[in-house]
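This briefing is written to be read alongside the sequence and the coordinates.

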Amino acid sequence: MYNFLTGPMAWFSFLIFFMGILIRSFLYIKGLDSNIDRVTYRVNTSFGVKEAVRSIFSWLLPFSTRGWRTQPLMTTLFFVFHVSLLTSTIFLNAHNMILQERWGFSIITIPNVVSDYLTIAVLVTACLLIIRRIKLPHVKILTKPSDYFILLVSIAPFLTGFLAFHQFGNYTFWMLTHIISGELLLIVIPFTKLSHSFLFFFSRAQLGMDYGIKRGGMKHQKGMTW
Amino acid sequence: MFKKILFATTGTPSCDAAARVAFDMAKRYNTELFIINVFGIPSRSFSQVITDLRTGDEIDLHDDQLVKIKNKLERRYQQQIHDYNSPHDIVLTDGIPHTEILRVARKKEIDLIVMGARTSTEENTGSVNRHLIGSTLQNVARSARCPVLIIGRAAASFWGGISNIIFGTDFSKGSSQAFEFAFNLTKMFNASLHIFHAIDISSGPFEFTKNQEVIEDRIREVRGMIRKRYISKMEGYNDYEIDVWEGIPYVEIVKYARESFADLIVMAHHTKKMAPPEESVFGSNVEQVVLRSNAPVISVNHPARQKK
Amino acid sequence: MNENIFCTPNPVNDKDALDALLRDKRGQQYYDEMKRLKVDTAALKKLVNDTCRSRIRTWLEICAHCGMCADACAFYLSNDKDPEQVPSYKIQSTLGKIVKQKGDVDNAFMRYAMDVAWGKCTCCNRCSLYCPFGIDMGVLMSYLRGLLFSQGFVPWEMKIGSGMHRIFRAQMDVTVEDWVDTCEWMIEEYEDEWPRLKIPVDKKNADIMYTVNAREAKHYPDDIAEAAVLFSIAGENWTVPSEGWEETSLAMFAGDWEGAKLQVKSVYDAMDRLKPKQMVVTECGHAYRATVIEGPYWAGLKSGKTPVETLHYVEWVAKALRSGKLKIDPAKKIKEPVTYHDSCNYIRNGGLSQYGREIMSYIAEDFREMTPNGEHNFCCGGGGGLNGIGKYRKERNTGQKVKRDQILATGAKLVITPCHNCWDAIRDLEEVYKIGIRWSFLKPLLLDMVIVPEHMKPQKEENEEE
């Protein structure tokens, strides 16, 4: 079981994950249409690229856009959740040990205790996000069951990994569920709203180009005030 | 002298006196008569809903409504239309009243616009509407390329038997045009022309208003100006009088008109087109005279239109 | 069987049909017929397939339902944070459903979508600045309007507006003759005070071709004269085209892409005909958006730009003040507190925010910004055609509360609104809420304070007295 999950199944899920990303990214770009979108992607491209980069980075930095600044609580939740989620996954000691073992390389890692805190942060912020969905009328009205589903899929590997690492109850059970949920996450990312993990960059870049090329980018002195 | 008369009416009692004169003149001089009623101003952007100028209600711009308004107008002027007994044209339109009146006057090459003066309760929507600063009367009188006959009080609504015409001058460019018109009318009626100027002592340097000798010097000077500028152009017509008084111009001219049994007052209306609102709001001399005088007032501001 | 007379998927293309539609008072019969208007689901499906590409599909798909767009929306805030006014909800429950169900929607749904598309959104695009993913719900709403128009689910006034453009190439029934005649008339009107004033019609190779909003020709011709005076004072070599003079586009508000294309082409044709160096657009927001920003795409111009460079009126004024073509008499600057309303269509969607500020630095002594302002300014409520739609008048009035509070907070009693629809909306705002403000275009204010060169002044007659 363990061998299957860490062997063919892992390959399969990574394949789906990366292929999915590649194909969807390709389809996104292919589907852009200067005339229908009313943005000349190929004319005055430099203005578009400049604003695309600004559009992405402004939103990657906490509190660097007016949108982030005007909703500080949500912004904090958002960044703690996403930053913890990504760093605790990528820089986790255990994950890098596997990399080292299989392919003979690893990247920098963070101490286990930090990973622990980050994982707890992911779980706590996820709970807060759920509470937000239930409590705030303007979020509640938007919320569909799938929103809970993808949130649960996203945090499942963290919960199970945390339990496995600290050997609550049956280590093997938690480890297997951790691997399964991780692989499930990889597989669903390209096909659900979780595709925002990469489509974010395209969507932001597109709007950046839109404002940069067409809607005033060539008239602005300092570029769009994001 | 008048071939086409345009009667601009709000269709309310405040225009009844003007209606009497308009129909009377049209019949007397056998002119073409156009009646214009700007019944509402556009107030809902580009839409078909407009604000009724009389009631402030929202009305719709469509045929039934126009027919209704037309019927109402015809009912109000039923007797006059019957007496006039010639074809007339009724123009019903929405828009800014003075803009539409001037537009039609220009398009139809009108020789005389006849209109009533506002009563205080009307046109109170002005402040919230575009380009409605100042009254319709003021705007029409200022910009029309033909004389504008304004009937303020009911007592001023009798046209005919004109034997005393007052020409009030302030020596402006418009006054020269007004003089020309007044003189032509005088000849036409074989009337007597009273050329009048009031020295404004309500403003000006203190020394000037205090010293009666200075004022009287000025009066002599003005009389000379009148002779030089107007009498010299009267080709020997000698039924005229010159009078120069001091005071508040519109008060003096109303008093003068009463004393000289004026049948008609001719003046120029020459506020600037782009005068700041606070100047326009208080109204010009012409408006004040219209509201106070028992004689009809004709405002002339421009040379007669060159016929195409 | 569709037995509808007025409410059909077909646009209005001739004068008889337009007149008939106009006679239907406030669209009573029109809206009644709409209840029976059948949705052509096959056509809708095909249209979605042809025009809904990856950008829109991705936007609809990745929306995380986070609700961060809510506070961006003037309508949401004005309606006491009604969750149904959350931009994402408005778009997901309408366009989202059409796309998801591949056009398989019914009449009731389409009427609901119409209520949302015109009654709850001015397409001000403000929410696009607050979505972390950069989802532009204003663009989505405009697209939805196009789908609705193609099926005939469009407010009565919008149907009329689109018809006006198709018939007159203007938003109102102003013909080329009317327009040229109005220009001539204005010269006569102003000749006393501005003896050398000209409005050159169809002059070739001028530096500036000036285009306007049809309402100026129809109701407010002084606006044209004021522009002429300012161009003259600035010594510009300018002209107006006899055809292609109308800059606005109710067709854009209506979602009538074909009509919008016809309209902008008339302006581009004028450019080709007259070969001006630049075009300047009057103080109108959506006109600039339609003809300068979106128009080139409708007309299929690969550059994405108008055939000749185009300036909005605020750009021209700012540059004229900067270069000294227009000089302001310092004594006549605006002394009282004054604020400036940013029109979404050329500020957020046109990048011209700095010009308004530059102008204010020349003409106002106590300029007070609204908060927020510039690209982040709130819509006045008059965008997207909402000023003229009777059916959604109430919604529009409610939607103005945010702007009302923004103005009140500045303490200024004078609001400068260099946009026809904003001007109207702020006027209406005063009518509805009575907060004691005045509002103005730039032109009349500039005319009050600009220094007039001697040669422009009327020659005084000898021995004339004031």
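A crossing of two helices is called left-handed if the near helix is turned anticlockwise from the far one by less than a right angle, and right-handed if it is turned clockwise. In this predicted model, the crossing of α1(C) and α9(C) is left-handed by that criterion, and α9(C) also passes α14(C) in a left-handed crossing.

**Packing of α1(C) against α9(C)**

- The two helices α1(C) and α9(C) pack at an angle of about 155 degrees, and their axes lie 10 Å apart.
- Since angles over 145 degrees count as roughly antiparallel, α1(C) and α9(C) are therefore roughly antiparallel to each other.
- On the α1(C) side the contact is made by Lys15(C), Leu18(C), Leu21(C) and Leu22(C), which meet Lys159(C), Ile160(C), Gly163(C) and Ile167(C) of α9(C).
- Sorted by class, this contact of α1(C) with α9(C) comprises five nonpolar, one polar and two charged residues.

**Packing of α9(C) against α14(C)**

- Helix α14 of chain C, which spans residues 257-274, packs with α9(C) at an angle of about 40 degrees, with the axes 9 Å apart, and that makes α9(C) oblique to α14(C).
- From α9(C), the residues Ser162(C), His165(C) and Arg166(C) meet Gly259(C), Leu262(C) and Gln263(C) in α14(C).
- The contact of α9(C) with α14(C) has one nonpolar, four polar and one charged residues.

**A sheet in chain C**

- Four strands of chain C form an open sheet in the order β6-β5-β7-β8, with parallel pairing.
- The edge strands of this sheet are β6 (364-368) and β8 (438-440) of chain C, each of which pairs on one side only.
- Direction ignored, neighbouring strands of the sheet are turned by 35 degrees against each other on average.
- Strand β7 of chain C, residues 414-416, runs parallel to β8(C) and is joined to β8(C) by three bridges; for Ile416(C), the bridge partner in β8(C) is Ser440(C).

**Contacts between the chains**

- Two pairs of chains are in contact, and of these chains A and C share the most contacts, whereas chain A and chain B do not touch, with their nearest C-alpha atoms 26 Å apart.
- The contact of chain A with chain C takes 47 residues from chain A and 43 residues from chain C.
- On the side of chain A that touches chain C, two or more residues come from each of α2 (8-31), α3 (34-38), α4 (45-60), α5 (66-70), α9 and α12 (196-214) of chain A, and α12(A) gives the most, with nine residues.
- The residues on that side of chain A divide into 18 nonpolar, 18 polar and eleven charged.
- The contact of chain C with chain B draws 31 residues from chain C and 26 residues from chain B.
- Among the elements of chain C that each supply at least two residues to the side touching chain B are α1 (15-23) and α9 (156-168), while α20(C) gives the most to that side, with five residues.
- By class, the side of chain C that touches chain B has eight nonpolar, seven polar and 16 charged residues.

**Confidence in chain A**

- The average pLDDT of chain A is 95, and 100% of the residues score at least 70.
- Within chain A, confidence is lowest in helix α1 (residues 2-6), at a mean of 87, and highest in helix α9 (residues 137-140), at 97.

Note on methods
Residues numbered from 1 in each chain as written. Chains lettered and ligands numbered in written order. Predicted model: local features only at pLDDT ≥ 70, side-chain atom pairs only at ≥ 80, totals over all residues. Contact = placed C-beta atoms within 7 Å. Nonpolar A, V, L, I, M, F, W, Y, C, P; charged D, E, K, R; others polar. Axes fitted to C-alpha atoms, helices over the stretch in contact; angles between N-to-C directions. Parallel < 35°, antiparallel > 145°, perpendicular 65-115°, else oblique. pLDDT = per-residue confidence, 0-100. Pairing = 2+ DSSP bridges.
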